[in-house]
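I opened my notebook to record what I looked up here.

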Amino acid sequence: MRTAFEAWAQRDGHIVRRREDKPEEYLVFETQRRWVIWQAALEHGKTPGGRKTAAQKEAAAAEKRAAEALQRPPAINSDEAAVRNQVLNEVLDAFSTLGGERGMDDILKVVQGLKKKQQEQAQDKVEERVTKSSSPARQNA
């Protein structure tokens, strides 16, 4: 995931050098901010069952880092790239409406808003299914 972000950021003209003291963070604040936004966009695009706990994420990240050290990152197919770009653009649009003066506070606010929106959409789908499944019973009665 990080290599895909770095490739995208480089194409967009951002500096993707990492900090020496904290290699998981980027040297330039704007790149770090976009990395957090990228992660939020990917998390926003997942289904609720696809989310992991913090321990699972850390284990998966450690495993992924080890695998990336051994092999080249897989190429992203065009459909997956289109979905990622769409979700990323949606998140960036949400940030542009905030103004962006407060930095990480704004990021957390947008992520929470996107999670709430996704939960509402899932709840609406459930209510829609319940309504559809109860309507044939009324017609038969």
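**Entry: overall burial and makeup**

I began with burial. Of the 141 residues in the protein, 24% are buried. I noted that I am working from a predicted model. Next I looked up the secondary structure, and I found 5 helices and 0 strands. Read from the N terminus, the elements run α-α-α-α-α. I then looked up the contacts between residues at least 6 apart in sequence. Of these, 52% join residues at least 24 apart.

**Entry: helix 1**

Which residues of helix 1 are buried? I listed Arg-2, Ala-4, Phe-5, Glu-6, Trp-8 and Ala-9. I kept a general point in mind: an α-helix has 3.6 residues a turn, so residues three or four places apart point the same way.

Gln-10 also sits in helix 1. Is Gln-10 buried or exposed? Its relative accessibility is 52%, so I put Gln-10 down as exposed, the cut-off for exposed being over 50%. I also looked up a distance for Gln-10. Thr-31 is 21 residues away from Gln-10 in sequence, and their C-alpha atoms are 9.9 Å apart.

After helix 1 comes Gly-13. I noted that the phi of Gly-13 is positive, near 90 degrees.

**Entry: helix 2**

I checked the length of helix 2, residues 29-45. It has 17 residues, and at 1.5 Å a residue they should span 24 Å. I then looked at how covered helix 2 is. I found 13 of its 17 residues buried, so I wrote "mostly covered".

Arg-33 belongs to helix 2. What is its relative accessible area? I read 19% for Arg-33, which means that Arg-33 counts as buried, because the limit for buried is under 20%. I then looked up what Arg-33 touches. Leaving out residues up to four places away in sequence, I found Phe-95 and Ile-107.

**Entry: helix 1 against helix 2**

Two packed helices are described by the angle between their axes and the distance between the axes. I looked up both. The axes of helix 1 and helix 2 come within 11 Å and cross at roughly 130 degrees. That angle makes helix 1 oblique to helix 2. I recorded the crossing of helix 1 and helix 2 as right-handed.

Which residues make the contact? From helix 1, I wrote down Arg-2, Ala-4, Phe-5 and Trp-8. From helix 2, I wrote down Thr-31, Arg-34, Trp-35 and Trp-38. I sorted the residues of this contact by type and got 5 nonpolar, 1 polar and 2 charged. Arg-2, Ala-4, Phe-5 and Trp-8 are also on my list of buried residues in helix 1.

**Entry: helix 3**

I moved on to Ala-61, which is in helix 3, residues 54-70. Its relative accessible area is 29%, so I marked Ala-61 as partly exposed. Ala-61 and Met-1 are 60 residues apart in sequence. I found their C-alpha atoms 9.8 Å apart in space.

**Entry: helix 5**

Last, I looked up Gln-112. Its place is in helix 5, residues 104-140. How accessible is Gln-112? The relative accessibility is 56%, so Gln-112 counts as exposed. Then I checked Gln-112 against Ala-40. They are 72 residues apart along the chain, and 9.6 Å separates their C-alpha atoms.

Terms used: Residues numbered from 1 in each chain as written. Predicted model: local features only at pLDDT ≥ 70, side-chain atom pairs only at ≥ 80, totals over all residues. Heavy atoms only, no water. Helix = DSSP H or I, 4+ residues; strand = E, 2+ residues; numbered from the N terminus. Buried < 20%, exposed > 50% of the residue type's maximum accessible area, 1.4 Å probe, protein only. Expected span 1.5 Å × (residues − 1). Contact = heavy atoms within 4.5 Å. Axes fitted to C-alpha atoms, helices over the stretch in contact; angles between N-to-C directions. Parallel < 35°, antiparallel > 145°, perpendicular 65-115°, else oblique. Left-handed = near helix turned anticlockwise from the far one by under 90°. Nonpolar A, V, L, I, M, F, W, Y, C, P; charged D, E, K, R; others polar.
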